[in-house]
Amino acid sequence: MPLSKTALNQVIRPVTARVNPLGNWDIGSCDLAELVKTYGSPLYVLDEASIQSACRAYLQALREHYPGPSEVLYASKALCNLAVNRLIHEEGLTTEVVSGGELFTVLKAGIPAESVTFQGNNKSFEELRYALKEGVGRFVVDNLDELDLLSTLAEEIGISPNVMLRVAPGIEAHTHAFIRTGEIDSKFGLDLPSQLDEAIRRISRRPLLRFLGLHAHVGSQIFDVEPFVATVEVLLDLCAKLERDYGLPVAELDVGGGLGIAYEAGDDPPSIDAAIEAISLAMIRGTSQRGLSLPKLIVEPGRSIVGTAGATVYTVGSRKAIPEVRTYVAVDGGMPDNPRVVTYGARYSVDRVAAGDNEELVTLAGKCCESGDILIKDIQLPKLKAGDHLVVWDTGAYCFSMASNYNRLPRPAMVLVAEGHSEVIRERETFADMVSRDRLPSRLGGQR
Ligand SMILES: Cc1ncc(COP(=O)(O)O)c(C=O)c1O
């Protein structure tokens, strides 16, 4: 598949999205109206070619711009299931997890533990033990408590884990406050410089811990290369300091993920290639200025790998027109399958699956009992009636992975599409699933 320089993260629809001769939107040469007929609604649709294209863009950009060793970790929190993790692994990316559940999923997908990196600000005793026993390749230690816990467990089990230290670099990425992570007032990472110094002292007393390097991640949905360049600068200053103060070389630098994607016309994130080029140049220039050798450069994107690949197809239901105020058109999903709108005020683009005319201004509402359950406010769409299908683009990242069963709505199925073929990669939940873990106490009649 040829790679275009307009990166996937700069367009709103998957690479294979087309209007077919019937006038319907296709993804992966699969007609979305047909997919909903077969698999039900709402439906998450995931384009295999788009995921492959994003993975290849990262790998190619690193090959072109960074002369040292490099690695692309897929931040599986963006979309974590067996098929997606496996597909991305087969493209040559390694995997980042932040919980025992993500680790379990990744291992079940057949991904070798040594290619997994374990992140997170509060890994539990059980999670760390599980990861150590499975032979996870890297632990990104977030705080001093975790460092102690990890070293105690490693000594107990008799394992030598590879350790990176996450620092809070004090960089403000211009993105939503909930997805900014690099500031000093953040729950993530070691405070600088004192907690980093302390962590290095503790590592030097724990010979089982193998120190690999430093990590920082400053936020998500970032539309500028500056925060990445600034992160590199801070990390390289720390590398120089560790060499000078402790004679400790830093073999690996992980500059995090966070590259944004376009959700609406006018959104203008740097391309994957441009972001990697800027990071690489900063690494090359910064290491030479400080007399350091080039460490392994690690990036860990999530959203820009799977975001644009995903779309959600809904079916229109009821309609409420309030004269001279607003017309609400409700769909059969909403905040449970896409919590990003209520959480971050995220904005999306939408099309009617079948072509149409007579455009009107409507507000797309979800079906939950929350006034805030609005998918898209004030959007011009062809006249909609009950039974019509709508496709909301760019729902591949942080929709399924943040989905809930609010109002006991079963989570939608997810299908992977490629070259006219579709296959379920996540079954639709059922009403029975909604109660499968409920228990009636004996005084109310006992188990059901
Ligand atoms: C530590 C870490 N790495 C990588 C990512 C992936 O970020 P994104 O999906 O914006 O690329 C995140 C997400 O917040 C993160 O917390």
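Asn 407 sits in the loop between E18 and E19, where helices (H or I, at least four residues) and strands (E, at least two) are DSSP runs numbered from the N terminus. The model is a predicted one, in which local features need pLDDT of at least 70 and side-chain atom pairs count only at pLDDT 80 or more, while totals for chains, interfaces and linings use all residues. Residue numbers start from 1 along each chain as its sequence is written.

Although Asn 407 is not a glycine, its phi is positive, about 60 degrees. With 15 other C-beta atoms within 10 Å, Asn 407 is partly exposed. Here a residue is buried if 20 or more other C-beta atoms lie within 10 Å of its own, exposed if 12 or fewer, and partly exposed in between, with C-beta atoms placed from the backbone. Asp 394 is found in the loop between strand E18 (389-393) and E19, and its phi is also positive, near 65 degrees. Asp 394 is buried, with 29 other C-beta atoms within 10 Å. As background, most residues other than glycine have a negative phi, and most peptide bonds are trans.

Two cis peptide bonds can be described next. One runs from Ser 41 to Pro 42, with omega near -5 degrees, and Pro 42 lies in the loop between helix H1 (32-39) and strand E4 (43-47). Another joins Leu 192 and Pro 193, with omega about -5 degrees; Pro 193 belongs to the loop between strand E9 (162-166) and helix H7 (194-205).

On the scale of the whole chain, there is a division into domain 1 (8-47 + 309-435) and domain 2 (48-306), with bounds that come from an automatic or database domain assignment. The domain centres, taken over C-alpha atoms, are separated by 32 Å. Across the boundary, 29 residues of domain 1 are in contact with 28 residues of domain 2, contact meaning that two C-beta atoms, placed from the backbone, lie within 7 Å. On the side of domain 1 that touches domain 2, the elements giving two or more residues are helix H11 (340-344), strand E19 (413-418) and strand E20 (421-426). The largest share of that side, three residues, comes from E19. By type, the residues on this side of domain 1 are 16 nonpolar, nine polar and four charged. In this count Ala, Val, Leu, Ile, Met, Phe, Trp, Tyr, Cys and Pro are nonpolar, Asp, Glu, Lys and Arg are charged, and the others, Gly among them, are polar.

The largest nonpolar core has 132 residues, and those with the most contacts inside it are Leu 32, Val 45, Tyr 58, Leu 214, Leu 235, Val 313 and Val 415. Such a core is a set of buried Ala, Val, Leu, Ile, Met, Phe, Trp, Tyr and Cys residues joined through C-beta atoms within 7 Å. H8 provides the largest share of this core, nine residues. Both domain 1 (8-47 + 309-435) and domain 2 (48-306) give residues to the core, so it lies between them. Leaving aside residues up to four places away in sequence, Leu 235 touches Leu 214, Ala 216, Leu 253 and Val 255. Thr 231 is found in helix H8 (residues 226-246) and is buried, with 27 other C-beta atoms within 10 Å.

Helix H2 (residues 48-65) has 18 residues and should span 26 Å at 1.5 Å a residue; its end C-alpha atoms are 26 Å apart, which agrees. The expected span is 1.5 Å times one less than the number of residues. Among the buried residues of H2 are Glu 48, Gln 52, Tyr 58 and His 65. In helix H3 (residues 82-90), the buried residues are Val 84, Asn 85, Leu 87, Ile 88 and His 89. These pack against H2, strand E5 (70-75), strand E6 (94-97), helix H4 (100-108) and helix H10 (303-306). Gly 92, with a positive phi near 105 degrees, follows H3.
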